[in-house]
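These are my notebook entries on a structure that is new to me. I record what I looked up and what I found.

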Amino acid sequence: MKLLVAAHASEFVAFEPDIPGFDRLLTGVGKIPAAYALTRALCEGTYDEIVVVGTAGAIDPDLEGGIYDISATIQHDVKGLDGTFGQHVWLPARVDIAPEGVVIATGDHFVDDADAVALIRGLDARMVDMESYALAWVAQQFDVPIRILRAVSDRAQDGATELWDDVVERCSHELRAKIRELYGV
């Protein structure tokens, strides 16, 4: 059995309630709700794989719209004891999950301005979201393989918050098609 995970109900809008071979988990938005919900699900059930679907802002101008596999995740809203941006005081700076794909930066705020984008790009991330780091870290603690698929919803610039509301349904349909392609269901 696989666990299909999304943070926001809008990201599941194109997914039927029952997909053969998948349980479904809606975590809530942000690192803490994501970590809590996934930890609870993994304590209550056994899964062969976690498959995360959702949206992300593209902060690399060369990154086109579409669906991307995430290869690694970092945090963009933390600083180490020495003030190093992107370094948590205890957690690893980077969680690798796949040999190929895009690096995503996770933080507990919606990135929507050029200054923040420039700072986060300095960490070598190409996308931003609010859950991937927490989900990947929890999956590794339970030794369960995780695949994170992110649909580009915006450019993480001025107005990105309003744009997300308009495009999340389209992203959900793209993600559902990708799950059919990858898993045959």
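**Basis.** I note that this is a predicted model, in which local features need pLDDT of at least 70, side-chain atom pairs count only at pLDDT 80 or more, and totals for chains, interfaces and linings use all residues. Residues are numbered from 1 along each chain as its sequence is written, and side-chain values use heavy atoms, with hydrogens and water left out.

**Whole chain.** I counted 4 helices and 8 strands in the protein chain; helices (H or I, at least four residues) and strands (E, at least two) are DSSP runs, numbered from the N terminus. Read from the N terminus, the order of elements is β-β-α-β-β-β-β-α-β-α-β-α. The radius of gyration is 15 Å, close to the 16 Å that the globule rule gives for 185 residues, so the chain is as compact as a globular protein of that length. That radius is taken over C-alpha atoms, and the globule rule is 2.2 Å times the number of residues to the power 0.38. Along the principal axes, the C-alpha atoms fill a box of roughly 45 × 35 × 25 Å.

I then looked up burial and found that 49% of the 185 residues count as buried. Buried means under 20% relative accessible area, exposed over 50%, and partly exposed in between (1.4 Å probe, protein chains only). The accessible surface comes to about 8,700 Å², and 52% of this surface belongs to carbon and sulfur atoms. Such areas come from the Shrake-Rupley method with a 1.4 Å probe; for residues, only the protein chains shown count as cover. For contacts (heavy atoms within 4.5 Å), I took those with a separation of 6 or more: residues 24 or more positions apart account for 72% of them.

**Strand β4.** Which strands pair with β4? Two strands pair if DSSP finds at least two bridges between them. Strand β4 pairs with β6 (residues 102-106) in the parallel sense over 5 bridges, and there Ile74 stands opposite Ala105. With β5 (residues 94-96) the pairing is antiparallel, over 3 bridges, and Thr73 faces Val95. With β8 (residues 146-154) it is also antiparallel, through 3 bridges; here Tyr68 has Arg150 as its bridge partner. Of the 9 residues of β4 (residues 67-75), 7 are buried, so the strand is largely enclosed by the rest of the structure.

I also followed one residue of this strand, Ser71. Ser71 is buried at 6% relative accessibility. Leaving aside residues up to four places away in sequence, Ser71 touches Val95, Asp96, Ile97, Ala98, Glu100, Gly101, Val102 and Val103.

**Helix α2.** Which residues of α2 (residues 114-121) are buried? I found Ala116, Val117 and Ile120. They cover an arc of only 100° around the axis, which puts them on the same side of α2; the arc is that of the directions from the helix axis to the C-beta atoms. An α-helix has 3.6 residues a turn, so residues three or four places apart point the same way. The buried residues of α2 pack against β6 and β7 (127-129), while the face turned away from them carries the exposed Asp115, Ala118 and Leu119.

**Cysteines.** How many disulfides does a search of the whole structure find? The search gave 0, a disulfide being a pair of cysteine sulfur atoms within 2.5 Å. Cys43 is exposed, with a relative accessible area of 59%, whereas Cys171 is buried at 0%.

Most residues other than glycine have a negative phi, and most peptide bonds are trans. Asp124 lies in the loop between α2 and β7 and is exposed at 63% relative accessibility. Asp143 sits in the loop between α3 (132-141) and β8 and is exposed, with a relative accessible area of 69%.

My last entry concerns Pro99, in the loop between β5 and β6. Pro99 is exposed, with a relative accessible area of 85%. From Pro99 to Arg24, 75 residues apart along the chain, the C-alpha separation is 26 Å.
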